[in-house]
Amino acid sequence: MNSELDILMELIVKSSHIVALTGAGISTNSGIPDFRGPNGLYRGNNEFEKLFSIEYFREHPNFFYSNFNEMFHKIKNANPNKGHMFLKKLEDMGKLKVIITQNIDGLHKKAGNTNVIELHGNLEKFICISCYHLIENDTEQYKKAIDKMSNKDVPHCEKCNGILKPDVVFFGEYVHDLEKALTEVQKADLLLTIGTSLVVYPASTLPSYIDEKAKLVIINREPTPYDEKAKVVLYEDIDVIADKLKIL
Ligand code: CNA
């Protein structure tokens with residue numbers, strides 16, 4: 001073990017109220033690309049900014065539905081990896097109290113974690129952008145919407161004929177449960193941020209709210225704006241860290 005890992009292990013042992021803040025990087029080993037990593041969807045593709053913009057979606061829903069189908073099915077079929085299981089283990093040990101995630105893939109819940117705040121929602125529902133009617137997972141309407149998407153067509157609301165959108169937060173929309181997330185961050189004695197570039201507002205501000213006695217740990221393959229404030233920074237793959245920590 002190198003010394004940074006020793007310190008991380010020691011912090012985990014000493015902590016009793018760990019909070020994790022995760023991003024797309026924790027799911028890349030499940031086959032879901034991130035946005036800003038070396039193989040991220042944004043690299044070399046300016047169009048992707050538009051894909052999750054609510055303004056653009058309102059005017060051009062067909063652009064979203066012609067491009068999102070493949071990613072939707074990739075996410076739906078993905079399974080948790082070692083990084084997710086590492087956090088499940090920390091919860092089982094009674095140390096990890098909550099996961100705050102920017103991910104929409106539902107993989108923390110699939111891994112068995114019970115207290116997960118999904119700031120950007122998930123793909124379990126569709127919502128009508130006109131009347132806000134919610135279409136629940138596994139209903140006939142949900143299945144119809146998926147069929148439409150598979151044909152690269154725009155699904156419409158059965159109530160008002162408005163455009164349906166997966167119930168995830170697009171750029172330009174409010175995130176879910178931000179206050180709850182903030183309260184949880186303030187209760188942490190250790191904030192573990194994993195696989196997030198920490199640049200997407202407002203999740204990116206959360207590490208600045210930790211208690212003055214709390215410790216910040218960053219596990220990310222690339223530098224983040226918070227590295228100087230962190231007690232431990234590991235520029236490594238979360239899978240590698242999970243293996244080296246040997247708590248699985
Ligand atoms: P991001 O900005 O794409 O950053 C991801 C970070 O993770 C990058 O800095 C990578 O270097 C790093 N990284 C990639 N793989 C690993 C790994 N195996 N181990 C350690 N570090 C790794 O993503 P953020 O989450 O910070 O940005 C928030 C966006 C991305 C939210 O709007 C999400 O909804 C959105 N997103 C989510 C998913 C998902 O649900 N899986 C996928 C793609 C994008």
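These legends describe close-up views of a predicted model and its ligand. Local features need pLDDT of at least 70 and side-chain atom pairs pLDDT 80 or more, while totals for chains, interfaces and linings use all residues. Residues are numbered from 1 along each chain as its sequence is written, and side-chain values use heavy atoms, without hydrogens or water.

View B. Polar contacts are pairs of N or O atoms within 3.5 Å. A polar side-chain atom of D105 lies 2.7 Å from a ligand nitrogen. For N29, a side-chain N or O atom is 3.3 Å from a nitrogen atom of the ligand. I238 uses a polar backbone atom, 3.0 Å from a ligand nitrogen. Alone, the ligand exposes 870 Å², and the protein buries 98% of that (Shrake-Rupley method, 1.4 Å probe).

**View C. G31 in its loop.** G31 is found in the loop between β1 (18-22) and α2 (47-51). Helices are DSSP runs of H or I with at least four residues, and strands are runs of E with at least two. G31 counts as partly exposed because its relative accessibility is 40% (buried is under 20%, exposed over 50%, partly exposed in between; 1.4 Å probe, protein chains only). G31 and K74 are 43 residues apart in sequence. Their C-alpha atoms are 7.5 Å apart in space.

Notes. Polar contact = N/O pair within 3.5 Å; in protein donor to acceptor, adjacent residues only side chain to side chain.
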